[in-house]
Amino acid sequence: MTTHLYRSALLRFADDGAALYDQDGLLATAADERGVQRVVAAGSWAVLSGQFAGQGVTHWPGRIIAPGFVDLHIHFPQTDVIGSPAEGLLPWLEHYTFPHEARFADPAHAQEVACFFLDELARNGVTTALTFATSHPGGVDALMREAQARRLRLIAGKVLQDRHSPDGVRDQTEQSLLDTEALIGRWHGQGRLGYAITPRFAPTSTPAQLAGAGEIAARHPDVWIQSHVAENLDEVRWARELFPTSRSYLGVYGDFGLLRERAIYAHCIHLDDADRALMRDTGAAAAVSPTSNLFLGSGFFDYVAADRAGMAYGLASDVGGGTSFSPFRTMLAAYYVGREGQAKPGVSLTPEQLWWQHTAGAAKALGLQGVVGNLQPGCEADFVVMNPAATPLLARRTQAAQSLAELLFAMIVLGDDRLIERTVIA
Ligand code: GUN
Ligand code: ZN
């Protein structure tokens with residue numbers, strides 16, 4: 001068995017979320033029975049290197065190895081929608097998003113965007129993403145094929161939207177459910193790929209489509225579910241009108257069997273405490289998408305209320321409502337949101353918490369703790385190599401950092417794709 005040894009500074013996380021940092025670290029990986037590189041040792045070079053005496057080492061002086069980032073919610077077909085301003089979510093969907101997504105009926109277009117999208121994730125150090133496709137099954141096939149060729153741990157799904165959607169993106173109830181089943185059979189568990197049942201959001205699905213999605217979810221408990229909830233006040237009002245018998249907008253998903261572990265709901269801004277308790281009790285998790293929420297004027301995720309309720313969450317770009325593929329931009333926006341959010345100005349997140357939410361915390365929300373988002377022994381070895389001197393200002397500021405928190409914060413505030421020197425896939 002060949003062991004790969006890497007020597008540089010090393011960031012990883014303890015089970016309780018605490019950041020662990022070795023200024024002179026060692027990461028050792030070896031292939032498992034499926035050929036996936038897994039971490040076999042991680043920690044201090046001085047302590048561990050004796051175990052591997054005489055073996056070749058890849059030495060990256062001045063660099064930092066860290067877990068690959070996990071993006072908990074993104075739309076691959078919205079790569080070209082970034083930076084499309086609108087009054088709010090619903091006009092943005094109508095004027096920009098649906099027309100763009102209609103183009104994914106063309107497999108060649110889907111293929112071209114899939115390649116660009118996966119390249120962009122890699123350039124930004126994102127090694128796992130939970131992504132929407134469009135309502136066209138061929139777009140899922142294109143993305144999955146490309147992800148498989150790159151050996152990525154990627155989770156994606158065909159959007160379900162059989163009403164209140166224009167021609168070109170609207171699907172047919174029965175066929176949409178058959179397509180979902182077929183895509184699960186084709187892709188879920190193939191290599192590192194996973195499938196997510198993907199109702200766009202309650203307003204664009206009939207009760208029959210949501211019920212069908214819930215039945216598929218019950219038949220496949222290890223398949224993921226992804227949707228949107230409580231992002232925008234107009235959206236919330238609309239969902240309440242369409243589903244008047246549910247206790248709340250989130251309750252609609254519960255009523256159709258779509259709240260459970262491995263269910264990820266983007267935004268979760270306009271929830272009440274009963275909704276948050278429902279998230280906690282069902283094991284569903286929120287994808288916090290701060291650049292999107294600030295760009296579309298949707299609101300502020302309430303971190304304090306989420307923690308009080310004990311519900312799970314992690315960070316997400318939500319491209320193309322979100323404005324950047326870069327986890328650094330997302331973590332910085334989350335810091336602003338935590339600072340200015342609703343009722344508690346002044347409260348915010350530590351850099352270790354922000355980083356955890358975009359790596360091990362996001363992996364935990366997916367039920368993939370100990371698999372991705374970390375570099376503890378046993379984890380799949382998806383990692384980034386960061387150059388903290390990638391720009392003159394980064395070099396100056398990180399050099400002056402007096403603690404791990406200061407170092408991480410400087411990278412969150414000043415970092416972008418230039419900080420990611422290399423992305424290594426297990
Ligand atoms: N709600 C329903 N569809 C979408 C979408 O594509 N993006 C965002 N941000 N919210 C949505
Ligand atoms: Zn979204």
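This is a predicted model: local features need pLDDT of at least 70, side-chain atom pairs count only at pLDDT 80 or more; totals for chains, interfaces and linings use all residues.
The chain is divided into two domains, of which domain 1 is formed by residues 3-67 together with 374-424, while domain 2 covers residues 69-365. The centres of domain 1 and domain 2, taken over C-alpha atoms, are separated by 29 Å. To the contact between them, domain 1 contributes 20 residues and domain 2 contributes 23 residues. On the side of domain 1 that touches domain 2, the elements giving two or more residues are helix α16 (404-414) and strand β15 (420-424), and the largest share, six residues, comes from α16. In terms of residue class, this side of domain 1 consists of twelve nonpolar, four polar and four charged residues.

Helix α16 also takes part in a contact with helix α15 (residues 392-399), and the axes of the two helices come within 9 Å and cross at roughly 160°. Because of this angle, α15 is roughly antiparallel to α16, and the crossing in which α15 passes α16 is right-handed. The contact is made by Leu393, Leu394, Arg397 and Thr398 on the side of α15, which meet Leu407, Ala410, Met411 and Leu414 in α16. By class, six of the residues in this contact are nonpolar, one is polar and one is charged.

Ligand 1 is surrounded by residues from several parts of the sequence, namely His75, Leu89, Leu93, Thr97, Arg200, Phe201, His228, Glu231, Ser292, Asp318 and Gly321. The largest share of this shell, three residues, is provided by helix α2, which spans residues 89-102. When the shell around ligand 1 is divided by class, three residues are nonpolar, five are polar and three are charged.

Two features of the backbone were also noted. Most residues other than glycine have a negative phi, and most peptide bonds are trans. Ala230, by contrast, has a positive phi of about 50° although it is not a glycine, and this residue lies in the loop between strand β10 (224-229) and helix α7 (233-242). The peptide bond that joins Val319 and Gly320 is cis, with omega at about 5°, and Gly320 is found in the loop that lies between strand β13 (312-315) and helix α12 (327-340).

How values were computed
Residues are numbered from 1 along each chain as its sequence is written. Chains are lettered from A and ligands numbered from 1 in the order in which they are written. A residue is near a molecule or strand if its C-beta atom, placed from the backbone, lies within 6 Å of it. Helices (H or I, at least four residues) and strands (E, at least two) are DSSP runs, numbered from the N terminus. Ala, Val, Leu, Ile, Met, Phe, Trp, Tyr, Cys and Pro count as nonpolar, Asp, Glu, Lys and Arg as charged, and the others, Gly among them, as polar. Domain bounds come from an automatic or database domain assignment. Two residues are in contact if their C-beta atoms, placed from the backbone, lie within 7 Å. Axes are lines fitted to C-alpha atoms, for helices over the stretch in contact, and angles run from 0 to 180 degrees between N-to-C directions. Angles under 35 degrees count as roughly parallel, over 145 as roughly antiparallel, 65 to 115 as roughly perpendicular and the rest as oblique. A crossing is left-handed if the near helix is turned anticlockwise from the far one by less than a right angle, and right-handed if clockwise.
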